[in-house]
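Reader: I'd like to learn how to read a model like this one, feature by feature. Could you walk me through it?
Author: Gladly; let us look at it together.

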Amino acid sequence: MAPKSKNTKGGGYTCSEAPRAPASEKPEAKDEESASESESDSEGDGSSDEGPTPEKKGEPRFKTLEEQRAHEVALKEEALADTATIQRLEETRRRREAARIEREAAEKAEAEETARKKAEDEAAHEARQKALSERPILELPAPKDMKAALLRLQDCASDAFLQKHGLKGAGGNKLGKIKHGDFKKIFDDFQENAPMENLHKFKGT
């Protein structure tokens, strides 16, 4: 069957000559839809990597007035507990500080007492050394102390001195019969002629 010719009057086309729509239009639309879906998927993946956005913690909400009052009471108790803890720590600090001050005062007093005793001992030693370097002057005993002085002379005087005055080996009865005038001569001789260490021994320096 021969193809129909153009309809010159109507300006149309025959069935075989009618223009066809481009075949690539619909696939391009599908490509655009696929691209948009992939972009949305990639955006969704990016948001999942960042993680959920943290919510801001605001004031607690209470269902009833009783819950709110209970919460306020709990806060006050926490504050009071903190205050009590601070007070206990402060009291502990004060006690330790007082103990430290007391300990340091005791140590200072002990050090001062030790220094005072040391100074006294040194002064006494110097005084004794000075006294030992000098010839002492003995005080003549009273008549009632004469027998005790003669017994002491027997311990302090030399054998030559005791023999000279008849005191060597003499007992208490013989010593008690010595007259005061004779005793004074014996004592003066001991003061003038006895070695200095014997005089210090008699005096008890």
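Author: A starting point is what counts as an element: helices (H or I, at least four residues) and strands (E, at least two) are DSSP runs, numbered from the N terminus. Read that way along the sequence, the protein chain gives the pattern α-α-α-α-α-α-α. Please keep in mind that this is a predicted model.

Reader: How many helices and how many strands does the secondary structure come to?
Author: There are seven helices and zero strands in the protein chain.

Reader: Since the model is predicted, which elements have the lowest and the highest mean pLDDT?
Author: Begin with the whole chain: the average pLDDT is 76, and 71% of the residues score at least 70. Element by element, helix 1 (residues 25–50) has the lowest mean, 48, while helix 4 has the highest, 93. Residues 21–31 have a pLDDT below 50, and this stretch makes zero contacts in the model beyond near neighbours in sequence.

Reader: Which residues have the most contacts inside the largest nonpolar core?
Author: The general idea is that in soluble globular proteins, nonpolar side chains tend to be buried together. Here the largest nonpolar core has 20 residues, and those with the most contacts inside it are Leu150, Leu167, Phe183, Phe190 and Phe202. At least two core residues come from each of helix 3 (146–156), helix 4 (159–164), helix 6 (180–193) and helix 7 (196–203). Helix 3 gives the largest share, five residues.

Reader: Which residues does Leu150 touch, leaving out those up to four places away in sequence?
Author: Leu150 touches Leu167, Leu175, Ile178 and Phe183.

Reader: Now the helix packing. How should I describe a pair of helices?
Author: Two packed helices are described by the angle between their axes and the distance between the axes. Take helix 3 and helix 7: their axes come within 10 Å and cross at roughly 140 degrees. That angle makes helix 3 oblique to helix 7. The crossing is right-handed. On the helix 3 side, Ala149, Arg152, Leu153, Asp155 and Cys156 make the contact, and on the helix 7 side, Asn198, Lys201, Phe202 and Lys203.

Reader: At roughly what angle do the axes of helix 6 and helix 7 cross?
Author: They cross at roughly 125 degrees and come within 8 Å. Helix 6 is therefore oblique to helix 7. Phe187, Phe190 and Gln191 of helix 6 meet Asn198, Leu199 and Phe202 of helix 7.

Reader: What about helix 3 and helix 6?
Author: The axes of helix 3 and helix 6 come within 11 Å and cross at roughly 35 degrees. This crossing is left-handed. Helix 3 contributes Met146, Ala149, Leu150, Leu153 and Cys156 to the contact, and helix 6 contributes His180, Phe183, Ile186 and Phe190.

Reader: Which residues of helix 7 are buried, and what covers them?
Author: Asn198, Leu199, His200 and Phe202 are the buried ones. Their cover includes helix 2 (65–132), helix 3 and helix 6.

Reader: Why does His200 count as buried?
Author: The cut-off for buried is under 20% relative accessible area. His200 counts as buried because its relative accessibility is 6%. Not counting residues up to four places away in sequence, His200 touches Ala131, Leu132, Glu134, Pro136 and Thr205.

Reader: Let me try a loop residue. Is Ile137 buried or exposed?
Author: Ile137 is exposed, at 70% relative accessible area. Its place is the loop between helix 2 and helix 3. Leaving aside neighbours within four places in sequence, Ile137 is in contact with Gln191 and Lys203.

Reader: How many residues apart in sequence are Ile137 and Leu199?
Author: Ile137 and Leu199 are 62 residues apart in sequence, and 8.2 Å apart in space, C-alpha to C-alpha.

Methods. Residues numbered from 1 in each chain as written. Predicted model: local features only at pLDDT ≥ 70, side-chain atom pairs only at ≥ 80, totals over all residues. Heavy atoms only, no water. Core = buried A, V, L, I, M, F, W, Y, C linked by side-chain atoms within 4.5 Å. Buried < 20%, exposed > 50% of the residue type's maximum accessible area, 1.4 Å probe, protein only. Contact = heavy atoms within 4.5 Å. pLDDT = per-residue confidence, 0-100. Axes fitted to C-alpha atoms, helices over the stretch in contact; angles between N-to-C directions. Parallel < 35°, antiparallel > 145°, perpendicular 65-115°, else oblique. Left-handed = near helix turned anticlockwise from the far one by under 90°.
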